[in-house]
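The sequence and structure come first, followed by notes grouped by topic.

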Amino acid sequence: MYLWIWRKLPGRPPTRILTAAVLVAAVGAVLWYVVFPLLEPAVTLDEVTLRK
């Protein structure tokens, strides 16, 4: 899959590396600011239950 993406990116290797870095940053930003806030109510990580 990564090889397919690498082949589809335009330009020479330095341009491909920069484009890949921008794409990774964009995906990370979408996850951080859109997806994770939508999922936060369903996943409660701060509530801890201890059993004896």
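Leu39 counts as partly exposed, with a relative accessibility of 45%. The model is predicted, and Leu39 lies in helix 2, which covers residues 13–39.

**Overall form**

- The chain contains 2 helices and 0 strands.
- Its radius of gyration is 18 Å, well over the 10 Å given by the globule rule for 52 residues, so the chain is more spread out than a compact globule.
- The C-alpha trace spans about 60 × 25 × 15 Å along its principal axes.

**Surface**

- Among the 52 residues, 4% count as buried.
- The chain has an accessible surface of about 5300 Å², and carbon and sulfur atoms account for 70% of that area.
- A nonpolar patch on the surface is formed by Val27, Val30, Leu31, Trp32, Tyr33, Val34, Phe36, Leu38, Leu39, Val43 and Leu45.
- Together the residues of this patch have about 1200 Å² of accessible area.

**Aromatic contacts**

- The count of aromatic pairs comes to 1.
- Trp32 and Phe36 make up an edge-to-face pair, with 6.4 Å centre to centre and 75° between the planes.
- Trp32 and Phe36 are 4 residues apart in helix 2, so about one helical turn separates them.
- Trp32 counts as exposed at 56% relative accessibility, because the cut-off for exposed is over 50%.
- Phe36, at 43% relative accessibility, counts as partly exposed.
- Both Trp32 and Phe36 also belong to the nonpolar surface patch.

Conventions
Residues are numbered from 1 along each chain as its sequence is written. This is a predicted model: local features need pLDDT of at least 70, side-chain atom pairs count only at pLDDT 80 or more; totals for chains, interfaces and linings use all residues. Side-chain values use heavy atoms; hydrogens and water are left out. The radius of gyration is taken over C-alpha atoms; the globule rule is 2.2 Å times the number of residues to the power 0.38. Buried means under 20% relative accessible area, exposed over 50%, partly exposed in between (1.4 Å probe, protein chains only). Accessible areas come from the Shrake-Rupley method with a 1.4 Å probe; for residues, only the protein chains shown count as cover. Patches are made of residues with over 30% relative accessible area and no salt bridge: like charges are joined within 9 Å, nonpolar side chains (Val, Leu, Ile, Met, Phe, Trp, Tyr) within 5 Å. A salt bridge is a side-chain nitrogen of Lys or Arg within 4 Å of a carboxyl oxygen of Asp or Glu. Rings of Phe, Tyr and Trp (its six-membered ring) pair if their centres lie within 6.5 Å; planes under 30 degrees apart count as stacked, over 60 as edge-to-face and the rest as tilted.
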